[in-house]
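Reader: I would like to learn how to read pockets and helix packing in a model of this kind. Could we take the features in turn, with the general idea before the particular case?

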Amino acid sequence: MRTSLSNNIALNLPASALDQPSPDAALAAPLQLSPRLHNSDLAPTRAEGRRWGKYSIFALWTNDVHNIANYSFAIGLYALGLGGWQILLSLGIGAALVYFFMNLSGYMGQKTGVPFPVISRISFGIHGAQIPALIRAVIAIAWFGIQTYLASVVFRVLLTAIHPGFADYDHNSILGLSTLGWVCFVVIWFVQLAILAYGMEMVRRYEAFAGPVILLTVAALAAWMYTQANATIAWSIRDPLTGGEMWRNIFAGGALWLAIYGTLILNFCDFARSSPCRKTIKVGNFWGLPVNILVFAAITVLLCGAQFQINGRVIESPTEIIASIPNTFFLVLGCLAFLIVTVAVNIMANFVAPAFVLSNLAPKYLTFRRAGLISATIAVLILPWNLYNSPLVIVYFLSGLGALLGPLYGVIMVDYWLIRKGRIHVPQLYSEDPDGAYYYSRGVNFRAVAAFIPAALIAIVLALVPGFHSISPFSWLVGAGIAALLYLIIAKRQPHYADVSGESIAVDNVSH
């Protein structure tokens, strides 16, 4: 699959296949848009006036790459025994994979102008698309609550640094959270709702603001730690890995980095649909992903190496370093920066996706904003701090669902790039006409489901069964590959696929 997809990109598909409608657009007949499938938030974005430029995409990834969870993951590679150049190589491999797969997803969104739940209708059918959409939404809602909780923890540190007396309200427990914890959680929750209330344009502006903030913060933190270690760092722990085990961990780290981005690889079209051309996506992704990830890797090595040089201890998170800053002013600035980026990451990765998915469940009644409010409310009701503190939930529930993302991606990409060659009749994605291109059998493409299920089962086994621990990091890739191959074999092919733009039913980008 990878060779064929690479060739499509390397050969620079004609503009008609990616950026502009083909002559088939002239043959488009008026369609009855179904209220069960269409509203203004799910409709395609008009090509004119799209505002997600190169910097917007770069800033989007800057926030996501430099979040606390990613630093904890990369620090774990150092703790395993990988040295500086090995961490750079491992994350470089992961960056190349993420860049490649993210571009494929982004090009789909840019050409069609539709969000992920609608994109899924191409391969799974107008009603079968609820399968991948709901899987993505459940993961996002759970992680939205967890990330909101983690942001509230940083907020608590910030408040107690400003006024130590606040700590007096941090010792009781109400449903597992202290009074101060509840106040911080609710404040962060409302801030995110306020940003989303203004739609995707406000998301773009907030991400553009937060990107440079976190980049400057982590660079300054790395420079400060370097001076604290007298300009010398430990490039690895005392017993670094060598030989086969070293190479296994290098490639496993790269594969896990890809799995971390498995959610956003699926629904990157939610953002790319607002980009003016595929070059914008390619350039924005290049600076935001491979280049940014290598900078992130270098900063990780500096932070870990400097801390280990100072006291022989491996940190678990950069927040430990911030908490140890003796100057209250700089401690507050550091907390504020990580608070800003955590909110930015949470909105892009865990709020936008379920808002579109829930709107897709009942387009007639649920707008993007209403659906976002519902998903955010669910995220509170599940008491996410209890989920975060339960290894069983994190490993078996969320990791198990995460293993399903690779097979979903494999089916969707093969159908779009290899079966249809990028030729999509966008208006029919909103039609319940039994003769429509995406109606299949009662609205479900059972061939896509048949390719997804065995691949998903294999991916779950590899990810969760202890006996497959050595290859579990590769479960996303294995699942995606198996699903792609199965669907390539069993997919029903047609001699011609109409390529019709969605401009006739498109809405202005600013209305999303």
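Predicted model: local features only at pLDDT ≥ 70, side-chain atom pairs only at ≥ 80, totals over all residues.

Author: Helix 19 (405-419) and helix 20 (446-464) are the elements that give two or more residues to the lining.

Reader: What is the general idea behind finding such a space, and how does the lining of the second largest pocket divide by class?

Author: In general, rolling a probe the size of a water molecule over the atoms shows where empty space is left. In the case of the second largest pocket, the lining has 8 nonpolar, 4 polar and 5 charged residues.

Reader: Turning to helices, at what angle do helix 3 and helix 13 pack, and how far apart are their axes?

Author: Two packed helices are described by the angle between their axes and the distance between the axes. Here helix 3 (residues 54-65) packs against helix 13 (residues 278-311) at an angle of about 30 degrees, and their axes are 8 Å apart. Angles under 35 degrees count as roughly parallel, and helix 3 and helix 13 are therefore roughly parallel to each other. Their crossing is right-handed. Among the residues that make the contact are Ile-57, Phe-58 and Trp-61 of helix 3, together with Trp-287, Leu-289 and Phe-296 of helix 13. By class, the residues of this contact divide into 10 nonpolar, 6 polar and 1 charged.

Reader: Helix 3 also packs with helix 15, so are these two roughly parallel or roughly perpendicular to each other?

Author: The angle between helix 3 and helix 15 (residues 328-361) is about 115 degrees, with their axes 8 Å apart. The range from 65 to 115 degrees counts as roughly perpendicular, and helix 3 and helix 15 are therefore roughly perpendicular to each other. The crossing of this pair is left-handed. Leu-60, Trp-61, Asn-63 and Asp-64 of helix 3 meet Val-341, Ala-344, Val-345 and Met-348 of helix 15 in the contact, which has 6 nonpolar, 1 polar and 1 charged residues.

Reader: Which residues make the contact between helix 6 and helix 7?

Author: The axes of helix 6 (residues 116-124) and helix 7 (residues 130-162) cross at roughly 145 degrees and come within 8 Å. Phe-116, Pro-117, Ser-120 and Phe-124 of helix 6 make the contact with Pro-132, Ala-133 and Arg-136 of helix 7.

Notes. Residues numbered from 1 in each chain as written. Heavy atoms only, no water. Helix = DSSP H or I, 4+ residues; strand = E, 2+ residues; numbered from the N terminus. Nonpolar A, V, L, I, M, F, W, Y, C, P; charged D, E, K, R; others polar. Axes fitted to C-alpha atoms, helices over the stretch in contact; angles between N-to-C directions. Parallel < 35°, antiparallel > 145°, perpendicular 65-115°, else oblique. Left-handed = near helix turned anticlockwise from the far one by under 90°. Contact = heavy atoms within 4.5 Å.
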